[in-house]
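Notebook open, model loaded. I want to go through the sheets, the metal site and the helix packing, in that order.

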Amino acid sequence: MKLRSLCLAGLALGAGALAPASADEPAVVASIKPIHSLVAGVMEGIGEPVLLVKGAGSEHSYSLRPSEARALERADVVFWVGETMETFLIRPLQTLSGQAKVVELSEVPGLTLLAARVGGMWEAHGQEDEHAGEHEEHGDEGGHADADHAAGEDHAHGETDMHVWLDPTNAKVLVAAIATVLGDADPGNAADYQSNAARLHQQIDALDRALADRLKGVGNRPYVVFHDGYQYFERRYGTNAVGAITINPTQRPGARRLEEIQARLEQLDAACVFAEPQFEPALVDTLIEGTNARKGVLDPLGSAFEAGPGQYFQLMNDLADSLVACLGSTAPE
Ligand SMILES: [Zn+2]
């Protein structure tokens, strides 16, 4: 499966670390940590997928290192969320010379897909049912590449929110799809992929119940997030995010926008404003100045946790921890 990269493998620094354990199982690449974690869970005991976005890299803007580009070239299977999420992968995936099977996970049938919200401050549950539960088909392939985070403007109406992994019911759908794809690519291990998927389903169910239980205490307290990346989690557990500081997490919001958010923080008596480790935390300090809001941190990727099968569970628990720590400790109204 890796014969074509014989020369490259010899030259590549650190290629050993990226190469799978044996030549028999497929070479698998996953774009971001939570997706990598689910893939790693399905592959447990068989092989290890390569992760692209590491460290504090954002899911929306990343530059592939040469070693990562080579891992893509060698891949038999590539898992990513889709073109309005990992925009940095659009070109590399288009120009792949190998025969990798590229799986756009946001297209997996059976996912609950939510429409991206429009504007930075969301009217409480105003437009939320417009596209709820709808499986939106991406008929306009490639046309949305820059319409979302990359262009710096509001989400186009009807655009799908791509942070699908933050709903555990979606994670289960992804796990089933990943097991099927890997079983097709590697029939000899198909039964093991399926049994790993079945085990993961049980673990995700348990996670979901535990999170629901813990987040009951957070109730309806309003809070503001850094970028609109948590809608699936909010919906699943009924938390009350009322807005995002930035639509485009790679650009600093303007002064007018910051004033608007500050006004809403006071008006809603928001309990918390959440920064993200990938972006400038000083902004949040500026925003909460003179309001009753506290500062917290949320990370939709769980970038602090070591990549692997447990990472998804740590990420989800960490979101709950942060919400409970900031919202739950505020005096009730
Ligand atoms: Zn995001």
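This is a predicted model: local features need pLDDT of at least 70, side-chain atom pairs count only at pLDDT 80 or more; totals for chains, interfaces and linings use all residues.

I started at one residue pair: Ala30 stands opposite Leu51 in E2. Strand E1 (residues 28-30) and E2 run parallel, with two bridges joining them. Labels here are DSSP runs numbered from the N terminus, helices being H or I with at least four residues and strands E with at least two. Residues are numbered from 1 along each chain as its sequence is written, and side-chain values use heavy atoms, leaving out hydrogens and water.

**Sheet with E1**

I traced the order as E2-E1-E3-E4, an open sheet of four strands with parallel pairing (two strands pair if DSSP finds at least two bridges between them). Strand E2 (50-51) and strand E4 (101-104) are the edges; each has a single partner strand, so one side of each lacks a neighbour in the sheet. Then I looked for what packs on this sheet: H3 does, touching E1, E2 and strand E3 (77-80), and its direction makes about 145° with that of E1. Contact means heavy atoms within 4.5 Å. Axes are lines fitted to C-alpha atoms, for helices over the stretch in contact, and angles between N-to-C directions run from 0 to 180 degrees.

**Zinc**

Which protein donors hold the zinc ion? I found Glu59 (OE), His60 (NE2), His163 (NE2) and His227 (NE2), at 1.9 to 2.1 Å from the ion. Donors are N, O and S atoms within 2.8 Å of the metal (3.2 Å for Na, K and Ca), and water is not among the atoms, so sites may look incomplete. The angles among the four donor atoms are 100 to 118°, and the site is tetrahedral (four donors with all angles between 85 and 135 degrees).

**Sheet with E5**

Another open sheet of four parallel-paired strands runs E6-E5-E7-E8. Its edge strands, E6 (240-246) and E8 (294-297), each pair on one side only. Neighbouring strands here are turned by 30° against each other on average, direction ignored. Four bridges join strand E7 (residues 272-275) to E8, running parallel, and Cys272 stands opposite Arg294 in E8. Helix H9 (residues 255-268) packs on this sheet and touches E5, E6 and E7, at about 160° to the direction of E6. H11 packs on the sheet too, touching E5, E7 and E8, at about 145° to the direction of E7.

**Helix pairs**

I checked H3 (residues 33-42) against H11 (residues 311-327): the angle is about 135° and the axes are 8 Å apart. That makes H3 oblique to H11 (under 35 degrees is roughly parallel, over 145 roughly antiparallel, 65 to 115 roughly perpendicular, the rest oblique). Lys33, Pro34, Ser37 and Leu38 of H3 meet Gln311, Tyr312 and Leu315 of H11.

Last, H6 (residues 168-185) and H7 (residues 190-215) pack at about 175°, axes 9 Å apart. H6 is therefore roughly antiparallel to H7. Their contact includes Val175 and Leu182 in H6, and Leu200 and Ile204 in H7.

Conventions: Four donors count as tetrahedral if all angles lie between 85 and 135 degrees; four count as square planar and six as octahedral if opposite donors are over 155 degrees apart and all others between 65 and 115; anything else is irregular.
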